[in-house]
Amino acid sequence: MQMRTLGRQGLQVSALGLGCMGMSDFYGDRDEAESVATLHRALDLGVNFLDTADMYGTGKNEELVGRVVRERSEWVVVATKFGNMRAPDGTFLGVNGRPDYVRSACDASLKRLGLDVIDLYYQHRVDPEVPIEDTVGAMAELVAAGKVRHLGLSEAAPDTIRRAHAVHPITALQTEYSLWTRDVEAEILPTCRDLGIGFVPYSPLGRGFLTGQIKSPDDFVEGDSRRSHPRFQGEAFQNNLDLAAAVAAIAGDKGCTPAQLALAWVLAQGEDVVPIPGTKRRKYLEENLGALEIHLSGDDLARIDAALPAGAAQGDRYPAASMASVSR
């Protein structure tokens, strides 16, 4: 397995991580036995970077990941997040970055994971009502207490990243980044590089759209949250379908799958970039890992950029209420 380093603190992780959210929430049908098998297969293949959050399945995803990690003898880097509060029935209750909540959320995550320490602890969304200095100050106390090894942020704006990093070194920023979500290239990615912060793209496959397997909004089963995303609706869907077709055409010329091409492009954006494609099935995990063997030449990258320039995708990446909580 190829390895990469996140941040100047030297956190070494597999070049591809595994996003575990869909195993417990948001993307339709779930099969726990297959999810467990997928986690074990990922570890067998050298993927040592697992991403979860306390809101995924309202805690169930952390329990699932923790159970598998505890069964293994090798060191696994577990990343989890706090800040998005949900009721037991899944109702979203808002963002919380208050210091007392930071401490209680960490203790709750440690209990669900069944671990003594969290390798990488992210603030999932920035709380506009709480100074970032206060939130990160509380997170730094967790490091001092030995409960957390490294700190991260998710979907934070450049100024917020700088202010947070001034309180305690930030090891990684997790934000959506893919061939059809390239907003971070303007300011956020340069800010991370200036500060020596690793970058962890989530949804590097465009929430599955860039795999070429989604042909109609009806392909999403009832309960799949993507049905509510503007990018998967109306005229935007048709426009974006053309982008996915362009990815598939280039992938065909390269002798790989569209998913492998899309991931290879993200991997080619820098050694400080570690994408975490999510899947709950072994066959897609194995396909995704094939991206590590794909070399994209300068001509390949230029062709991809011409076919999918920044801003080509139509529609917001989240519904309006969720878009309001990003890039704070």
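Start in the largest nonpolar core, which has 81 residues. A nonpolar core here is a set of buried Ala, Val, Leu, Ile, Met, Phe, Trp, Tyr and Cys residues joined through side-chain atoms within 4.5 Å; buried means under 20% relative accessible area, with a 1.4 Å probe and protein chains only. Select Leu 18, Leu 50, Leu 153, Leu 173 and Phe 199, the members that touch the most others. Next, colour helix α8 (residues 258-267), which gives the most to this core, 8 residues. Helices are DSSP runs of H or I, at least four residues long, and strands are runs of E, at least two, numbered from the N terminus.

A quick note before moving on: this is a predicted model, where local features need pLDDT of at least 70, side-chain atom pairs count only at pLDDT 80 or more, and totals for chains, interfaces and linings use all residues. Residues are numbered from 1 along each chain as its sequence is written, and side-chain values use heavy atoms, leaving out hydrogens and water.

Now zoom in on Leu 50. Its contacts (heavy atoms within 4.5 Å) include Leu 18, Cys 20, Val 65 and Ala 79, not counting residues up to four places away in sequence.

Then pick Phe 49, Ala 172, Val 200 and Ile 276: they are among the 15 residues of a second, separate core.

Last stop: Asp 224, in the loop between β11 (198-202) and α7 (234-254). Is Asp 224 buried or exposed? Asp 224 is buried, with a relative accessible area of 5%.

Methods
Buried means under 20% relative accessible area, exposed over 50%, partly exposed in between (1.4 Å probe, protein chains only).
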